[in-house]
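Work through the following exercises with the sequence and the three-dimensional structure open side by side. Each task is followed by a solution that goes step by step.

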Amino acid sequence: MLPLELSTNICSLRPRVERLVLSCIMEIDHQGEIVDYELHEGVIRSAERMTYTDVKAVIEGDTAARQRYAELASASTA
């Protein structure tokens, strides 16, 4: 576990905050072996802080969840 100061700020994906990332793009064969990989620097900017339960509710059409995340829910149906 990361210390609270890190996990709630600098190392956390916070909505609408840009974070620097290092991505690893891997090609994995049917036996699970890494065939090839590339490392890339980038920037990630999350749209919202959601739980898997929230996402599932939006996908399944839960009215309250779709209202709470209306901006994202409308984008997912486009």
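**Exercise 1: Salt bridges**

Arg68 is exposed, with a relative accessible area of 51%, where exposed means over 50%, buried under 20% and partly exposed in between, with a 1.4 Å probe and protein chains only. The model is a predicted one, in which local features need pLDDT of at least 70 and side-chain atom pairs count only at pLDDT 80 or more, while totals for chains, interfaces and linings use all residues. Residues are numbered from 1 along each chain as its sequence is written, and side-chain values use heavy atoms, with hydrogens and water left out.

Task: find the salt-bridge partner of Arg68, and state how many salt bridges there are by the rule that a side-chain nitrogen of Lys or Arg lies within 4 Å of a carboxyl oxygen of Asp or Glu.

Solution. Begin with the count, which comes to 2 salt bridges. In one of them Arg68 is joined to Glu48, and the closest N and O atoms are 3.6 Å apart. This pair links distant parts of the chain, since Glu48 sits in the loop between strand E2 (34–45) and helix H2 (52–59), whereas Arg68 belongs to helix H3 (residues 63–68), 20 residues apart; here helices (H or I, at least four residues) and strands (E, at least two) are DSSP runs, numbered from the N terminus. Glu48 counts as partly exposed because its relative accessibility is 25%. Then turn to Lys56 and Glu60, whose side chains meet in a salt bridge at 3.8 Å, N to O. Lys56 is partly exposed at 48%, and Glu60 is exposed at 58%.

**Exercise 2: The hairpin and its nonpolar patch**

Task: determine in which sense E1 and E2 pair and over how many bridges, and then identify which residues make the nonpolar surface patch.

Solution. Strands E1 and E2 pair in the antiparallel sense over 11 bridges, two strands being paired if DSSP finds at least two bridges between them. Within this pairing, Ile28 has Ile34 of E2 as its bridge partner, and Leu22 stands opposite Glu41 in E2. The hairpin has 5 residues between the strands, and Gly32 takes a positive phi near 85° there.

Next consider exposure: of the 12 residues of E2, the number buried is 0, so this strand lies largely in the open. Ile34, for example, is exposed because its relative accessible area is 51%.

The patch, of about 660 Å², is made by Leu22, Met26, Ile28, Ile34, Tyr37 and Leu39. Strand E1 (18–28) and E2 are the elements that give two or more residues to this nonpolar patch. Patches are made of residues with over 30% relative accessible area and no salt bridge, with like charges joined within 9 Å and nonpolar side chains (Val, Leu, Ile, Met, Phe, Trp, Tyr) within 5 Å; the areas come from the Shrake-Rupley method with a 1.4 Å probe, and for residues only the protein chains shown count as cover.

**Exercise 3: The largest nonpolar core**

Task: which residues make up the largest nonpolar core?

Solution. A nonpolar core is a set of buried Ala, Val, Leu, Ile, Met, Phe, Trp, Tyr and Cys residues joined through side-chain atoms within 4.5 Å. The largest one has 5 residues in all, namely Ala57, Val58, Ala65, Tyr69 and Ala73. Leaving aside neighbours within four places in sequence, Ala73 is in contact with Val58 and Arg66.

Note on methods:
Contact means heavy atoms within 4.5 Å.
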